[in-house]
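Hi,

Here is the structure I said I'd pass along.

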Amino acid sequence: MEPISLPDALASFTERWSPRIVTTVNDYDVRVAKVEGEHVWHVHDHTDEFFLVLDGELHIALRERDGERTVVLPRGSVFTVPRGTEHKPYAPAPAAILVLEPTGTLTVGDRHDEVPEHVDATTGHALA
């Protein structure tokens, strides 16, 4: 039970779209990830997904009842994707994010398109 430096945590790995678990809060993982390019369209049927942009900019495309839209999150912004909402994160340049999800939540959700090679379908990795 020691403080964790988010910059140090992010410096400990190079992979994109491959989150590291920095701590847990009750039954939730706090994950950090380096991101760039497109993720995959996916849905979390039973949980919301919280994003905090630590560095850079993150775009999240959403498929909602009224059609598609994209939210743009600059550094320091937060956004929650409601459960059951199909979404696809995208980073136009290297960025860093913090995600809060229930422990065991798969990064590609419960339903998803084909997972590209550069996206890690994982429940998160421990910090080295």
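Bear in mind that this is a predicted model.

β7 pairs with strand β4 (residues 49–55) in the antiparallel sense, over four bridges. Within that pairing, Phe79 is the bridge partner of Phe51. Leaving aside residues up to four places away in sequence, Phe79 touches Glu49, Phe50, Phe51, Ile60, Leu62, Arg69, Val71 and Leu73.

Phe79 and Phe51 also turn up in the largest nonpolar core, which has 19 residues; they are among those that touch the most other members, along with Val35, Leu58, Ile60, Leu73 and Ile97. β2, β4, β5 (57–64), β6 (67–74), β7 and β8 each supply at least two residues of this core, and the largest share, four residues, comes from β8. There is also a second, separate core of eight residues, including Ala9, Val22, Ala96 and Leu98.

Searching the whole structure turns up one cavity of 30 Å³ or more, and the largest cavity holds about 150 Å³. It is lined by 14 residues, with Trp17, His39, Glu49, Val99 and Thr107 the closest to its centre. β8 (86–102) gives the most to this lining, four residues, while β2 (28–38) and β4 each supply at least two. By class, the lining has seven nonpolar, four polar and three charged residues.

Cheers

Technical notes. Residues numbered from 1 in each chain as written. Predicted model: local features only at pLDDT ≥ 70, side-chain atom pairs only at ≥ 80, totals over all residues. Heavy atoms only, no water. Pairing = 2+ DSSP bridges. 1 Å grid on protein atoms, 1.4 Å probe; cavity = no way out; pocket = protein on both sides within 12 Å on 5 of 7 lines; lining within 4 Å. Points joined across faces, edges and corners; volume = space filled by probe spheres on them. Nonpolar A, V, L, I, M, F, W, Y, C, P; charged D, E, K, R; others polar. Core = buried A, V, L, I, M, F, W, Y, C linked by side-chain atoms within 4.5 Å. Buried < 20%, exposed > 50% of the residue type's maximum accessible area, 1.4 Å probe, protein only. Contact = heavy atoms within 4.5 Å.
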